[in-house]
Amino acid sequence: LAIPPESVEVVASLDLLTHQGGFVMHPILGIVAPEVTVCPSPAEVKEVFTVPVDWLLEHPPAVYTYDLLPQVGEDFPYARVGFPRGYRWRGGKVTVPVYDWPGHPIWGLTGRITRRLLEGMA
């Protein structure tokens, strides 16, 4: 968004979020000085919009869940770790909150960050 660091007042460090894509995100809550012009990179950001916190609090997200299924490669060393082929690997679940802000659904990592932030405010 090309916001100069000196134009952001850091309020809090939020919970780390793990992503099934193999990375960890560490969101930071901050207040951007009102006179700052946001200049998103078109290669990374399609559009910037704002949502009042009151609206988010009054409109909880619909929450969807999907399964994460393990896909273990044929080369896994079962004998070396002491487990037989056919071992029942545990899968997981991912929850996806979707806020229905008109024209711009808020979901994915942004939805998860928003949901955790609002739960912390309750």
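Student: Which residue forms a salt bridge with aspartate 67?

Tutor: This is a predicted model, in which local features need pLDDT of at least 70 and side-chain atom pairs count only at pLDDT 80 or more, while totals for chains, interfaces and linings use all residues. Residues are numbered from 1 along each chain as its sequence is written, and side-chain values use heavy atoms, with hydrogens and water left out. A salt bridge here is a side-chain nitrogen of Lys or Arg within 4 Å of a carboxyl oxygen of Asp or Glu. With its closest N and O atoms 2.5 Å apart, the partner of aspartate 67 is lysine 93.

Student: How many residues apart are aspartate 67 and lysine 93?

Tutor: Helices (H or I, at least four residues) and strands (E, at least two) are DSSP runs, numbered from the N terminus. Aspartate 67 belongs to strand β5 (residues 62-68) and lysine 93 to strand β6 (residues 92-98). The pair links distant parts of the chain, and the separation is 26 residues.

Student: Does lysine 93 count as buried or exposed?

Tutor: Buried means under 20% relative accessible area, exposed over 50%, and partly exposed in between (1.4 Å probe, protein chains only). Aspartate 67, at 46%, counts as partly exposed. Lysine 93 has 61% relative accessibility, so its class is exposed.

Student: How many salt bridges does a search of the whole structure find?

Tutor: Besides the pair of aspartate 67 and lysine 93, arginine 115 and glutamate 119 meet through their side chains at 3.4 Å, N to O. The search of the whole structure gives a count of two.

Student: Why are arginine 115 and glutamate 119 separated by about one helical turn?

Tutor: Arginine 115 is partly exposed at 26% relative accessible area, and glutamate 119 is partly exposed at 48%. Both residues are in helix α3 (residues 108-121), and they are separated by about one turn because their spacing along it is four residues.

Student: Which residues does arginine 116 touch, not counting those up to four places away in sequence?

Tutor: Arginine 116 is also placed in helix α3 and is partly exposed, at 38% relative accessibility. Its C-alpha atom is 17 Å from that of valine 10, which is 106 residues away along the chain. With contact meaning heavy atoms within 4.5 Å, the residues touched by arginine 116 are Asp15, Leu16 and Leu17.

Student: Does serine 7 count as buried or exposed?

Tutor: Serine 7 sits in the segment before β1 (8-13). Leaving out residues up to four places away in sequence, serine 7 touches Ile31, Val32, Ala33 and Val36. Its relative accessibility is 16%, so serine 7 is buried.

Student: What distance separates the C-alpha atoms of glutamate 35 and glycine 22?

Tutor: Glutamate 35 is in the loop between β4 (28-32) and α1 (53-58), and at 64% relative accessibility it counts as exposed. Glycine 22 is 13 residues from glutamate 35 along the chain, and the separation of their C-alpha atoms is 37 Å.
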